[in-house]
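I opened my notebook to follow how one protein chain is packed. Here is what I looked up, entry by entry.

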Amino acid sequence: MKRHAAALVIISVAALLNLGLGSRADGGHEPTPESCKTDLGYAFEWCGSQVNWPCRYTFDSHEACQAGCVKYFCPDQIWCTELDPIWCEVPCEDPFGATYWYNKHIVSERCGHLYFNDRDGDGDIDLDDPWPWYDCSDAEHKKLCPAYRTWREEVKEREARWLGVSPEDIYIGPGMR
Ligand SMILES: [Ca+2]
């Protein structure tokens, strides 16, 4: 039992050191079908890197985020196994499973152009109107995973509880303040 605990400590120290030092995948190219075939380890490093989207924002669910990312870039190398439920068994709305993060990549593929949008064509990205991106992202998430809780749903419920009204009475969209 004691030995087990010691091993866990060593692993977490190694993980911390790895965070500090970065990896060869930091800022490197996205995994490609070719690199997945020849160097699957690179995909794990790239996806686990603290500088690449979206796993740099994850803390508790970092392992699941990395798994979802590898599954997205290297679908031919990853298959469902009952040995580790993180890959396929965890429900899609749960950030502790790969599917949740895999879906984020799909949504980014479909809606990313709205996030990095230059409507007036002056060459600068306009981040002042995020709502078309939210609309697209929420709709695509729901298509992939009906049980997914969107940011808007969560905020509406929180605000509604706070104000003692129904979530339908809360407005989140253009012109809100
Ligand atoms: Ca612009």
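**Entry 1: the core.** I began with a definition: a nonpolar core is a set of buried Ala, Val, Leu, Ile, Met, Phe, Trp, Tyr and Cys residues joined through C-beta atoms within 7 Å. I call a residue buried if 20 or more other C-beta atoms lie within 10 Å of its own, exposed if 12 or fewer, and partly exposed in between, with C-beta atoms placed from the backbone. The largest nonpolar core here has 20 residues, and Ala43, Cys69, Val70 and Trp101 touch the most other members. At least two core residues come from each of α3 (40-48), α4 (62-73) and α5 (98-115). The biggest giver is α4, with seven residues.

**Entry 2: ground rules.** This is a predicted model, where local features need pLDDT of at least 70, side-chain atom pairs count only at pLDDT 80 or more, and totals for chains, interfaces and linings use all residues. Residues are numbered from 1 along each chain as its sequence is written.

**Entry 3: the whole chain.** I found seven helices and zero strands. Helices (H or I, at least four residues) and strands (E, at least two) are DSSP runs, numbered from the N terminus. Of the 177 residues in the protein, 19% are buried.

**Entry 4: Val70.** What does Val70 contact, leaving aside its neighbours within four places in sequence? I found Ala43, Phe44, Cys47 and Ile78. Being in contact means that the C-beta atoms of two residues, placed from the backbone, lie within 7 Å.

**Entry 5: α4.** I checked how many of the 12 residues of α4 are buried, and the count is 10. Among them are Ala64, Gly68, Lys71 and Phe73. The cover over the buried residues of α4 includes α2 (33-38), α3 and α5. The 12 residues should span 16 Å, and the end C-alpha atoms are 17 Å apart, which agrees.

**Entry 6: α4 against α5.** The axes of α4 and α5 come within 7 Å and cross at roughly 50°. Axes are lines fitted to C-alpha atoms, for helices over the stretch in contact, and angles run from 0 to 180 degrees between N-to-C directions. The angle makes α4 oblique to α5. Angles under 35 degrees count as roughly parallel, over 145 as roughly antiparallel, 65 to 115 as roughly perpendicular and the rest as oblique. Residues making this contact include Ala64 and Cys69 of α4, and Trp101 and His105 of α5.

**Entry 7: α5 against α6.** The axes of α5 and helix α6 (residues 131-144) come within 9 Å and cross at roughly 155°. That makes α5 roughly antiparallel to α6. Among the residues that meet are Asn103 and Leu114 in α5, and Trp133 and His141 in α6.

**Entry 8: Ser108.** Ser108 sits in helix α5. Why does Ser108 count as partly exposed? Because it has 16 C-beta neighbours inside 10 Å. The C-alpha atoms of Ser108 and His141 are separated by 10.0 Å, though the two residues are 33 residues apart along the chain.

**Entry 9: a cis bond.** Trp53 and Pro54 are joined by a cis peptide bond, with omega about -5°. Pro54 lies in the loop between α3 and α4.

Terms used:
Expected span 1.5 Å × (residues − 1).
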